[in-house]
Amino acid sequence: MDRLIYTALNALQVTKDARVSQSQNLAALTVPGFRRDLPNEGGTKFVDMMGSMATRAFQIETGPATFSEQSGRLDRTGLETDIAIADQGYFYIQPDTGDPALSRRGDLQRGVDGILRDGAGAMMLDAGLQPLEVPAFRKITVTDLGEVMIEPIEGPAGVMEPVGILATVVPEPGTRLLKGADGEIRLADGTVPAPNQGAKVLQGVLEMSNVNPVEEMLASIEMQRAFEIGMRTIMSARELDEAGARLMRPPES
């Protein structure tokens, strides 16, 4: 019974970890460019107790949690400050805290300091991985290579001036990207790959989260059933243990 209970309890813990990731996904359903978190990879480990025939099974993690790189839905908003990456690739951002990171979020705005920022307030970086500063403008254009051009407010009408290039990268095949504790995407060592300007940028288009609410709800139902089965297993083990204990009691006189 001891082995059965520990196995069931470990299964419940695994279900709990999966629900944390699922809750994060559902909470970020409307966040532009969000990448769906995937459950940690793992397997089953059987542990033999020294000097005993008893064996316990534990679920183990074989690596850090990953995320889905599938593209989200592209919505054509028509706004000049909305951009998206057509297929594979990432923008570079500088969060308020932490090191530079990669992002798919493209709902841009010009901050009061003149720095181009995304909807979360992170600074967009240029090809030199420096914050991209944009003067006040009447019109802004972003080319498919990430070149940013503006029609300055103080300049003549219809004259566009280049102000910089948004850094982008299409990682080499096999490059392993992970989300850090701050939720930002970086390489496994906490750095970012060098920009290669390989991504195709679309203007007037915004990529939405790649979370599928129907898929998440179905997974939630399956996890709830798995939790119920685990609890029933623990209760059954308890009943079997109590029944065995009763059989071993001496008969009452």
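Begin by selecting alanine 167, in the loop between β12 (161-165) and β13 (168-169); helices (H or I, at least four residues) and strands (E, at least two) are DSSP runs, numbered from the N terminus. This is a predicted model, in which local features need pLDDT of at least 70, side-chain atom pairs count only at pLDDT 80 or more, and totals for chains, interfaces and linings use all residues. Residues are numbered from 1 along each chain as its sequence is written, and side-chain values use heavy atoms, with hydrogens and water left out.

**Stop 1: alanine 167**

Is alanine 167 buried or exposed? Alanine 167 counts as buried because its relative accessibility is 1%; buried means under 20% relative accessible area, exposed over 50%, and partly exposed in between (1.4 Å probe, protein chains only). Next, display the residues that alanine 167 touches, not counting residues up to four places away in sequence: Tyr90, Phe91, Tyr92, Leu125, Asp126, Ala127, Leu129, Pro195 and Gln197. Contact here means heavy atoms within 4.5 Å. Then draw a distance from the C-alpha of alanine 167 to the C-alpha of methionine 124: the two residues are 43 apart in sequence and 8.2 Å apart in space.

**Stop 2: leucine 129 and glutamine 197**

Leucine 129 is found in the loop between β9 (123-124) and β10, and glutamine 197 in the loop between β15 (185-187) and β16 (201-203). Most residues other than glycine have a negative phi. Leucine 129, although not a glycine, has a positive phi of about 60°, and glutamine 197, also not a glycine, has a positive phi of about 55°. Leucine 129 is partly exposed because its relative accessible area is 27%. Glutamine 197 likewise counts as partly exposed, at 23% relative accessibility.

**Stop 3: methionine 124 and the cores**

Select methionine 124. Leaving aside neighbours within four places in sequence, methionine 124 is in contact with residues including Phe91, Leu108, Leu116, Pro131 and Leu166. Which residues have the most contacts inside the largest nonpolar core? They are Ile83, Leu116, Met124 and Leu166, in a core of 18 residues. A nonpolar core is a set of buried Ala, Val, Leu, Ile, Met, Phe, Trp, Tyr and Cys residues joined through side-chain atoms within 4.5 Å. Colour β4 (83-85), β5 (90-94), β10 (137-142) and β11 (147-152), each of which supplies at least two residues of this core. A second, separate core has ten residues, including Tyr90, Leu125, Leu177 and Val192.

**Stop 4: leucine 108**

Leucine 108, one of the contacts of methionine 124, lies in the loop between β6 and β7 (109-110). Leucine 108 counts as buried because its relative accessibility is 9%. Apart from neighbours within four places in sequence, leucine 108 contacts Thr81, Asp82, Ile83, Leu116, Arg117, Asp118 and Met124.

**Stop 5: glutamine 94**

Move to glutamine 94 in strand β5, which counts as buried at 17% relative accessibility. Where does the side chain of glutamine 94 reach? It reaches the backbone oxygen of glycine 98 at 2.7 Å. Beyond residues up to four places away in sequence, glutamine 94 touches Asp99, Pro100, Ala122, Met123 and Leu125.

**Stop 6: serine 68**

Serine 68 is located in the loop between β2 (55-61) and β3 (74-76) and counts as buried at 14% relative accessibility. A polar atom of the side chain of serine 68 lies 3.3 Å from the backbone nitrogen of glutamine 70. Not counting residues up to four places away in sequence, serine 68 touches Arg35, Arg36, Leu38 and Asn210.

**Last view: the whole protein**

Finally, show the entire protein, which has two helices and 17 strands. Of its 253 residues, 36% count as buried. Among contacts between residues at least 6 apart in sequence, 60% join residues at least 24 apart.

Terms used
A polar contact is a pair of N or O atoms within 3.5 Å; within protein, one must be able to donate a hydrogen and the other to accept it, and residues adjacent in sequence count only if both atoms are side-chain atoms.
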